[in-house]
Amino acid sequence: MKKLMIVMMISVLLLTGCATNVAAEGASGQTDESQQVTQSDQDKSAEAEAARLEEERLKKEAEEAAAAEEKRLAEEAKRLEEEKAAKLLEIAEKTYYSKDLTYVYSDEAMTVESGMVLDHQTSVWVKGSILNEAGEVVAYQIEAIDGEAVEGFVNAARLFKTRQEQIKMSYDGVDYSAFEKTTYEKNPPVEVKAVYLTQATARNDNGRLDDLIKLANETEINAFVIDVKNDDGYLLFHSESAEKYLPQMNDKIAIKEIAPFIQKLKENDIYLIARIVTFKSPQYARTYPDRALHYLNSGALYSDRDKISWSTAYDRDLWEYVIGICEEAADVGFDEIQFDYVRFPATGAKLDKNLDFQNDLDESKTEAIHKFLSYAYERLSKKEVYITADVFGWAATSINDVGIGQHWESVTNVVDYIAPMMYPSHYGPNNFGLAVPDAQPYATIDASIKDAIMRNANLETPAKLRPWIQDFTARWVKGYIPYRADEVKAQIQALEDNGVYEYMLWNPGNVYSEDALRAEQED
């Protein structure tokens, strides 16, 4: 029995040992596999980290390369800009401008004419100076004219260093230097061919508005000049500026709902110009007589031949009233502001001595008009509208301010468009050598626009020319002729022959010569 138990115990021990060995072997196998998995994960993690570091390295290199390229481009742009500025400075230092009919000579003694004659304000690039025995510059050797290579000599007295030097008469307090002007992406410039509309026409009395929209759709007319503030001071629409200064003006507005009116015109692709009668402002003068133009002796308000009282361009409160209306016109949809009667009344030097112009700032008439237009430009450019100034046509010919503050260069320099009123009927007998200018529409406009072009050349930043021309018969003129389509066409042709393709037609009744306004049909 004992032997049997011993044998059984030995068997159990043997079996237990085998199981232990098997378990141990199993555990050992699992450990090896776990170690293999852990190693694999570590390898993958190392590879991912290496890839991440490589990606960061490449990204950093790309960023550094981009930064270096950006720096190189910036330095190159700066270099080119500096070269351009230096070139422009060199050109500016060497550039002069000629007087009208300036001869170019082949020799420095200026005895042999080359056959070249320079016009007014032709740009000349000077290569060197010719001195006399006293060391004075008597001639310039030139190497280019209007950018084209030319060899020759010019009398020094026939050249000016700046355009402004050719202004025959300038005024103190007026800045004739370059004036920054701009165009607007949302309001691009338009080559305007316009007709004038009164407030009654804008209100569509007797269907006149619809007739003129039809005219615009069927002819070259693409713009309306509309009375926003008319000669009597009445307004086209309700104005907050009037509410502040002249609330009674809002009681007689022409159009109560301005938005549909503007929309109707915009739907017909009509460019809108707000005519603002500026300093002939009778309602304002009567409301503020202490600020208005009046007689020194009696204190009575001054009035012109039409019995209309005038305010004064020296009144800064009037500036604010007018510009406020202009800002509102821009807000409702007008593309351009046109200042008419932006001047003093034509009183004459003798009468001026008996008038109080309220000139507390001791400014000349020209200075006051110039400063008003400069200030208006500053304010209204924020509204992205263009600025036009109406002037007498004779202002382009007269060297002075015509006694009313309208000195051509002082006005054209600070507006986008200048609109000389070149109605042939407004020129006197023998102006431009014409016995009756009204009877010769082409010749009158041709002579007048040539003067305007020459005057604009006296500045670096003149306004674009857009004249008023005549579509009415001036029966009060001795020797007048009827104005119909042919007379209107003649004026337009005179402008185009001088490179001016914009115009505005004036007819106080707003009835226009349709046949003159149709595009020429090709055969």
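In the predicted model, residue A389 has its place in strand β14. With a relative accessibility of 0%, A389 counts as buried, because that class takes in residues under 20% relative accessible area. When residues up to four places away in sequence are left aside, A389 touches F339, V342, L373, V411, V415, Y417, I418 and A419.

Sorted by class, the lining of the largest pocket consists of 15 nonpolar, four polar and nine charged residues.

The second largest pocket holds about 310 Å³ of space; its lining is formed by 17 residues, of which H120, Q166, K168, M454 and N458 are the closest to the centre. Here the element that gives the most to the lining is helix α11, residues 441-456, again with three residues. The classes in the lining of the second largest pocket are six nonpolar, four polar and seven charged residues.

Charged side chains were also examined as pairs, and the structure holds 31 salt bridges. One of the pairs is formed by E49 and R52, whose closest N and O atoms are 2.5 Å apart. Both residues lie in helix α1, which runs over residues 2-94, and they are three residues apart, about one turn of the helix. E49 counts as partly exposed, since its relative accessibility of 35% falls between the limits of 20% and 50%, and R52, also at 35%, counts as partly exposed.

A salt bridge also joins the side chains of E76 and R79, with an N to O distance of 2.4 Å. Because E76 and R79 are three residues apart in helix α1, about one helical turn separates them. In terms of accessibility, E76 is partly exposed at 29%, and R79 is likewise partly exposed, at 35%.

In the salt bridge between D335 and K266, the side chains meet at 2.8 Å, N to O. This pair links distant parts of the chain, as its members are 69 residues apart: D335 belongs to the loop between α7 (316-332) and β12 (336-340), whereas K266 belongs to helix α5, residues 258-267. D335 is buried, because its relative accessible area of 12% lies under 20%, while K266, with a relative accessible area of 32%, is partly exposed.

Beyond these pairs, a network of salt bridges links D227, D231, R275, K280 and D340.

Technical notes. Residues numbered from 1 in each chain as written. Predicted model: local features only at pLDDT ≥ 70, side-chain atom pairs only at ≥ 80, totals over all residues. Heavy atoms only, no water. Nonpolar A, V, L, I, M, F, W, Y, C, P; charged D, E, K, R; others polar. 1 Å grid on protein atoms, 1.4 Å probe; cavity = no way out; pocket = protein on both sides within 12 Å on 5 of 7 lines; lining within 4 Å. Points joined across faces, edges and corners; volume = space filled by probe spheres on them. Helix = DSSP H or I, 4+ residues; strand = E, 2+ residues; numbered from the N terminus. Buried < 20%, exposed > 50% of the residue type's maximum accessible area, 1.4 Å probe, protein only. Contact = heavy atoms within 4.5 Å. Salt bridge = Lys/Arg side-chain N within 4 Å of Asp/Glu carboxyl O.
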